Amino acid sequence: MTQSFFNFQFSIPGMVGFLLALTACFLWWLIRIRQQRMEFPILRILRPRPSYKPKLALLKPPLIPFLSFLAIALSILIFLLKPKVVSIEPIDATGSKVHLFIDMSPSISGKTSLEEYIQEVSQIWLQLIQTKHITLSTSHSDEIWNADNQQDLEKKLYNLNFHRSGASLGSIIAKQWKIINGVDRLIVISDKDAHSWKNFNWAYLQKDTDLWFNPVGENFLKQSNFYFVKAKHLSPPASTVMDWDISIARKGSHNEASGVLEVSLSDQVLASVPWTMNSDQKELTLRVSWPSTSTPSFEGSPPPLVWKIKPNEQDAMLIDNEFRTSLKGMEQNIILVAESGGEQSLEGPSHALQASLKILGIVPERFEWVSSNKLKAESYPLWILFIGEHDDPSPYCPASLVSHRLEPKLIAKPVRTWLIPYVSNKKSFQNICWCYHKLQVAPYSGSTMPPFCQEVYDRNSLAVVLKSIGAKQLGGEVGSEFSALAWTGTDEKSLLSTLAFTIPIRPSRAFGITHSQLPLIVKGLLAQSGFFADGADQLREVWPRISDNVKNKVWFGETLDQTETLKYKLSNVPAGESLMKEIEKKHLPPHWQNSQEVSKAIPNQKKVQENPLPWIYALLGIILLASVAELIWQIRKQRSVKASSLLILMGVFLAQEKNCYAEINLAILSNRNHGGAAGLELEVSSRTSLKISKSPIQFANFNDRLLEEPWLWAQSIESIRDEKGHLKQQVGRWIRRGGLLIIQNSKAPNELETLTKKGFDYQKIPAHWRPIPPDHELMRSFYLLDALPTCDGSIWHGFMFDNRLAILAVPYELLSTLLDSRIRNQCTEPPTRERNLRIFINTLMVALTTDYKKDQIHMREILKRLQ
Amino acid sequence: MQTSYLSHAQLSSLNPMDIRELRSQFIKTSMQMHGSQLMALKRASKSPEYSRPYISGDPINLIDWKAYARTDSLIVREKRDEASSKVSIVWELSPSMDWPTGLELGKQKAIPSKFEIATRIALHLSHLHLRLGDQANLWLHHPMNSENNLVFSPRQPSDLLSLFNTILKNKFNTQTSLPFFAKRPFHIPKLDRLYWISDGLNDLTFTKLVKKAKRGCFMHLLSSLEEELEWLKDDCCYFDHTGEKNEFLGKNLKKGKSYYQELSSWKQQLKETVQGVGSQYIPLTERTALTTYYQFIDSLFENKK
């Protein structure tokens, strides 16, 4: 049965029957899917509005607009595409440019020797030499150079050696890339050190050039690396024993390690401390001490202390086993300039201070005066200057300090100055004021005393003047400037700080300073000045760890003196390099697997950047043409829009860009010159978010220009009324449009009634004069005012028109007291400037916003500010 | 009591020959009536059915003094003679009246067409007036072709019975020829009453012709299928073959209240038009209760008072 079923054969009648059945099924299906229709006669009368959406009618669009739309849509679509700017073009291999960047950072020294490294670089250079243009650079500087032969190359690299500062490849190559000005291939020879590759977005360079990376030191044995973490000087400056805390650490193996820590000065070993590091111990702090007497003395600036780790086992990186710090202690790093007391030297004002400093272990270097620029400001972190009653105080206020502030260095060193009055009298205080002004404020080194210093006559007036020129109070009671011990200020650029004392710093019953208190006071003042800063902080200033060579001043073309050059050259190795941490291969540029592949470094193709501008212009042209075609079609179809469309089109082409801005001007009608409004502008802008113009618009006689502003300040009622005492017509129109008129010196209410008798339709719009009530918006638009000041019994009146303040009658000259000319208020009891200022700001708010607090739309912002 | 079999009977079961349930006092079963038209002249009568309270100005001879002696109230007994009136009853013969065709709900649930109901009403009214002694003409009106209007003037109730039986036998088929009717263009002389039975979908010739009649009555007959749309099939298209080609899917017609609002508005508009020409408007469907129908008829004759 199964076989016969699968071997079924079609006969002709069977076929016909099958086809007929198929046709019948198809017809049945057609009938089935046919929409059933039925007559419903009442529909000839009723027109029910069905709620379903009408059918979408597909209409054939007009040809020209459709084509225009299509062209514009396609153009915009192309605009949205990301421009592909790079194409590859074959080039002659001998004409291609290759740049070889050689990393000489400390981390490489831990993985290969200098000789091996130079040999590897030399081999790569030899394989690339067939290209005509090959340039080289190292991480030492931004110098781009060529090597004539292999010996030249090796010699130069030998001379350069590894540098002690770090190398951030990103910043170094970015700096050099500007000088190279594009090459076909850039080869970076470096290790995989994480510190070096940190923040290097090398993928960015790949769009301009072929970037290849040649890794070195891949097969180095991973040994322990010992390095310095920090060095902290503990002893006070005049201590007889030098105490240092030195922290060393290791990276790598976890076996027990030992060695010696040695400190030397000019090749003379000062101390040697053995150390042992247990297994799994990563860091160790050692106390190193030696007598101060064993420290040799030097003329001028002393050489650095050199700390060396000498481990008993092999160390991976030797370059970071040396650490340099500056010599501390036994330094006369405080200068004291004071006039000699002569025979009564023990009673001199500086004697007690010197004794206090010695108690604190500081021996200051004393001068009677300083007359030359030889003493550099940064040589002494603290200058104590006793200023007496000399006509010329310059010897006690050295010019080197002034020039230190006026010509600050890139890496500034903090310099502190104390200005102490030699005696408590007028001249001393004046000289202190002058010196403070020279050290902190004066834009140039002047030789005459400023006038405000000449007005100083006692301690209190000195306090007032110093406060007014920006000094901050030190000591005394809060809020009582006259009780201040001193006034201080710091110049941020040069880090020159000045402490100007208002009393002589010596034991005195008059000033309440006893002999026992003085050392404590001096110690506190030194601490406040930052003199007792952490030793490590000072260390960083002098012998820094430079993490990036580009941060070196030499890279910016600055010339340094020999000492500074030496300090940068011998800068301490950054901790990041000592860690010898490597990054994964996937985060590095493509690199060769072995040295045989170096020959691939010869490029035979280069990237060419296509200029996309022609494409952009072409697309813009298409859009423009399509727009014009559609416009013409529209005009031909709808003739009525022809004129307006052409005008709009012309307007578009003729339109010019113009900046728009809004400015609040003071419109003043007065026959008196009020000067500028700089002071008022400063006050308004500092208190509110508004800014008024510094130059008021002022006219002596009435001018229509005045009515272009939202408010008008009239000096008197006469200037805005006609012969009959009525308001001028144009002013009336301006008020009805929304202007606010402020009439000053208005003391006669009868005149005000007459003023507005004509020009306002009282029947249609309610308008009336009334005294300004306490709940008026003028009293709360910005500041909350309890009352408006009267002037000899005259009060403020307001003309309420259209439910707003339209005219404000002020009984005195409010504006004149606030402008730069500052005319004195003629009232018997004039209000303070602050009160006038607050009223002015409230009036400004009313003029611009009327009673904006009534408008609910501002409620959200008001509540936000209240919170 | 009216709670007889009529309380649930509908217009679709109206028998033209049955006038028993009419309550009007003017409709009698005897043949002594002289018509539904009352004469203006009044005369005294002893019959208490013609009594009414005395109104100042009434002739004194009409006062029933004996009743005054009994009840101490003046009662007038007056009688107005009746006269035979001329009545025309028109019902439409149009495709819209020949609807529903029976296909709407299927053969099993077929409901009578509007023409059937209109025929029953027309013959019933004609029988009523014959019994009152009036002269009633029956008109079959073709709105599309008024030249082919048919008219029949029955002389006695048996003529109506014979006609009704013939139509019933033909199952109210509009295509078969009707006996007794003669083809005649519309010529309606001055009438006392004009009844017009129509669905209002074709024309409003009634408003023109009713001006010749003293009284008019427009019986607006719709099918219950036009009043309620629940029977519509969602995916079926409903259309009208005349006028604009409006087609609606059943589900769209049923959606919302738009149809019912339109229907109500149209009926109100028609009512105002009919009343505007001084006629009465009576809305009917085949589901209208017979009691309601009889109340309408009674109200027509109560105006005779």
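Predicted model: local features only at pLDDT ≥ 70, side-chain atom pairs only at ≥ 80, totals over all residues.
The crossing of α3(A) past α18(A) is left-handed.

Which residues make the contact? On α3(A) they are A:I64, A:P65, A:S68, A:A71, A:I72, A:S75, A:I78 and A:F79. On α18(A) they are A:L619, A:I622, A:I623, A:A626, A:S627, A:A629, A:E630 and A:W633. By class, this contact has 12 nonpolar, 3 polar and 1 charged residues.

Next comes a sheet in chain A. Its 4 strands run in the order β10-β9-β12-β13, and the sheet is open, with antiparallel pairing. β10 (268–277) and β13 (322–325) of chain A stand at the edges. Each has a single partner strand, so one side of each is left without a neighbour in the sheet. From one strand to the next, the twist averages 20°.

| Strand | Partner | Sense | Bridges |
|---|---|---|---|
| β9 (residues 257–265) of chain A | β10(A) | antiparallel | 9 bridges |
| β1 (residues 37–39) of chain A | β10 (residues 237–239) of chain B | parallel | 3 bridges |

Within chain A, A:S258 stands opposite A:T276 in β10(A).

The contact between the chains takes 18 residues from chain A and 24 residues from chain B. The chain A side has 10 nonpolar, 3 polar and 5 charged residues.

Key:
Residues numbered from 1 in each chain as written. Chains lettered and ligands numbered in written order. Left-handed = near helix turned anticlockwise from the far one by under 90°. Helix = DSSP H or I, 4+ residues; strand = E, 2+ residues; numbered from the N terminus. Contact = placed C-beta atoms within 7 Å. Nonpolar A, V, L, I, M, F, W, Y, C, P; charged D, E, K, R; others polar. Pairing = 2+ DSSP bridges. Axes fitted to C-alpha atoms, helices over the stretch in contact; angles between N-to-C directions.
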